[in-house]
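Let's take a walk through this structure together, one contact at a time.

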Amino acid sequence: MTSRFYRISGRQLWLLATLISICVTPLMLPGLVIPILGRDAWAAGVFSLLGGVLGMGFSAALVRRFPDRSLGEVVDTAFGPVLSKVYLALLALLFTVGAGVMSHGFVAVVAGHDLPLLPTMYPALLIAAVATFAAYFGLEVIARSAEVLAPLIIVGFLIINILALSNAGFGRLLPLEIPWDAMGSAPVLAALGTARGFLLVLLLGALSHTLPSTASLHVGTLIAALLITLSCALPIAVYGSAFAAMDRFPFVSAVGTTGWQWIPTHGTVLLLISWHAIVFVVVAMYTWLAAWLWKVLWAGLPWVSLVIGTGLCGALVASAAMSSAAVSLLFSLWNDAVLVLGIAVPALLWLRLRRRSPRASRRVIER
Amino acid sequence: MPAQRRQRRKDSPSAGGEGGSDDNSVRRHLQEIVGSAAGVLRLLPFAHPPTAEDVKAQLLGDDLETATLSLPEGTLAVVYLGSLVKKRRLWEEVLGPLLTQTLAVNDLPGSQRLATMEAVLRQMLLGWVILFPPGGMPVGLPLRGLQQRSVDEPSTEKEIVGPKEALVEDLETNIGLIRNRLRDPALRVKMHVVGTRSRTRIALLYLDGVASSDLVAQTQRGLPTVQIDFVRTAADVAEVLFGRSLTPFPLYEETERSDRLAAALAMGRIGLIVEGSPFGLVVPVTFMEFQKDAESALPGPIVSVYVRSLRLLGLFISTAAPGLYVAILTANPGVLPLPLALTLSTTRFAVPYPVATEALIMLVVVDVLAEATTQAPGAIGNTLAIVGTLIIGQMMVQAHLASSLLMIIVSGSIMGSFLTLKFHFSYALRIWKYAIVLLSAFSGLIGWFTGFLLLLVHLASLKSAGVPYLSPLGPFRPYDLTHYGPWQPNRGNQHLRPAMWRAQDLVRQPKRGRAH
């Protein structure tokens, strides 16, 4: 395993973290947030921004404190070798399942909404296969692909949102109120949108020993937060909160009401092409991360078998015949696991190591 | 047993104390080790200078010509390959002056002493005449006289207002063409001989202090280690030097234009020219480099944007159109408005097989025709084109073996693939469209887009001499991307060389293109 597998620039890391933060969030999150927050679902974006600024800054600070250390070594220092292995194994499992969850979420939207084509399994298998192919070549190739796809994603999303706004009636969002009743669950739900980004910064920053500036990381969080706000507000502005709360994919439905004269009648085709690109990047990233973590745990296994094994597991999760309720439940559970492993554990790490200098920690590892 | 061996050695005639037998015994002993007299001669170059007889024994060919001259010092043997030497020059510049005794052997202009048999053979195969003076070391004279093609117009990279000067098969002529365009003392030409059988000369060209020193050093180190028997083009050597990859996309830029090669050197890339090939090779190369030409920028940015957009549209149509047709008609007719979807479906209602089969059959037929037209000589190629377009195409539609819309799409696709500037690149696109059609048949629009993602990952995984193939798009380098913009290539705002070539000296020219 050479360093070419994880040698990426700070800018590429920023792009990956931002893309991962906004991945299927607009597709899935409104379906979870609108039934709880109702007309005030837009507040999820604000919560996610606050949480994101704290979380991203905290992840970056942890990486900067131990610049020459992998995450495994840091955990090893804080909790010992056994817990470190358990933590890495849980992370590997998280990303293996995550690859499947992300592609299934996307395929569920595709099959359920706009392109009722072949059985769900085929697109899921295709995404898994291409993502595995990319993961085999390493992080550098995934990052380069993401750079090429980024303009397509941004332009596609901008066009579709501008078109969707033409049907929106923003009076339905008024009066704006702070949803005190939902304060308990809203921050947690909102943090789902950005937590994955922290984890990526934490893992990849430690791996590639390069980090973008903290300010640019916060810009990434802001983009994700704006997207969450828009994706939660738009369905309510189009349908009203009562109607949007009954839909599993309200944002996609809202976008689906728009269209041009005869270029794709359904605006969702544009949306889905952009989201296909982003889902590919994220699934490839998760497959690579999971295979990498398995490689750390079992150094003797060949890279190709680890990648293919991870890709197959992801494809199995993605292509499993699940009911719509199960998809939402799995997505929600997976995000809870991200919150625990990506925020709670690193927070504990930070508390435990905050008074220990990097040099002293190094001595512990060497012993 | 050892005693018997000692006795045998004592009895052997070479073992005794006859005069000069020491040499013989060493020679025999070495013969036992090496296995041939030639091997011994190579090991002892100064003990036995090669003779004309040795050369005759090695080069058994009917084009080997010999002559002997009786000079006052003794008999001079002249040996050369008649097929490679200009005989008129031999008589006028060598044999004449020697016979009239106006010049001695060692005074002949351009003469060079050759100490070993290997050197003699090597120079003879390059078209040298070898003189064997009595009792002296052989002397070689470069009198190569092979007929060469004159410098002509490029045949595969035509430009309307660009220079009309293409490389030829002669190495010296090609180097001269480059030097004529790049009159920089920093231009380095390093000659190597590659090919264990062909012994082909290959020239490495680069600008000292500009080209990446790592790349130059890697190439310099690698060239002597290339172990292939026959070298036909520079690409044969490049594959060994920079590694090969299972890809249809060209990882080296082959060009027959001397101006393009010189411009690439000025940018900090390196060139390889092989004797006998009218195509030079430039490394590194990127995907974007294949979309770039100097000419489309000349009339100004508006025309340039138009021409390049057409080219990119051709690239997209050639790769995407057949797959999109299959994806929409197979799985996703719903993305089209109803009238358009109905029109499309009526064009193929009588076609008896599925859309994907129809598309694959037509793609193969058209590709076969395109290949035949390209390979066939001029007049036959034209006939094939007429047969293909008028007879096969029309008949297939009339026989309901293909829809007329598909004929239009497939024709557009093949025309689009030829809009790319490089021939080998168009092959890659033509191959990739099959994968996209298959994926579209498998999974509709999702499959169609997955085909492009697969292409993207494949391109992102490629490197040419260490430079990512997708540069400057991925890794994204905004400044480098300006070199592919619609403005003239030498405009002052491109005062730096693209960083992706890893040039030592990044500064090309003053910022505004003029001295302040």
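Find Val283(A): setting aside neighbours within four places in sequence, Val283(A) is in contact with Ala99(A), Met102(A), Ser103(A), Ile127(A), Ala128(A), Ala131(A) and Gly314(A). Two residues are in contact here if their C-beta atoms, placed from the backbone, lie within 7 Å. This is a predicted model, in which local features need pLDDT of at least 70 and side-chain atom pairs count only at pLDDT 80 or more, while totals for chains, interfaces and linings use all residues. Residues are numbered from 1 along each chain as its sequence is written, with chains lettered from A and ligands numbered from 1 in the order in which they are written.

Now step back to the core. The largest nonpolar core has 213 residues, and Val283(A) is among those with the most contacts inside it, along with Ile142(A), Val281(A) and Val282(A). Such a core is a set of buried Ala, Val, Leu, Ile, Met, Phe, Trp, Tyr and Cys residues joined through C-beta atoms within 7 Å; a residue is buried if 20 or more other C-beta atoms lie within 10 Å of its own. Helix H16 of chain B (residues 423–461) gives the most to this core, 20 residues; helices are DSSP runs (H or I) of at least four residues, numbered from the N terminus. Domain 2 (171–283) and domain 3 (296–468) of chain B both give residues to this core, so it lies between them. Apart from it lies another core, of 21 residues, including Ala52(B) and Leu114(B).

What about those domains? The assignment, automatic or from a database, also gives chain B a domain 1 (26–142). The C-alpha centres of domains 2 and 3 of chain B lie 34 Å apart, and ten residues of domain 2 of chain B are in contact with ten residues of domain 3 of chain B.

Let's return to H16(B) and look at its partner. Helix H11 of chain B (residues 301–330) and H16(B) pack at an angle of about 35°, with axes 8 Å apart. The axes are lines fitted to C-alpha atoms over the stretch in contact, and angles run from 0 to 180 degrees between N-to-C directions. Among the residues making this contact are Leu315(B) and Gly323(B) of H11(B), and Trp432(B) and Gly444(B) of H16(B).

Finally, visit the contact between the chains, which takes 26 residues from chain A and 25 residues from chain B. H6(A) gives the most to the side of chain A that touches chain B, with seven residues.

Notes: A residue is buried if 20 or more other C-beta atoms lie within 10 Å of its own, exposed if 12 or fewer, and partly exposed in between; C-beta atoms are placed from the backbone. Helices (H or I, at least four residues) and strands (E, at least two) are DSSP runs, numbered from the N terminus.
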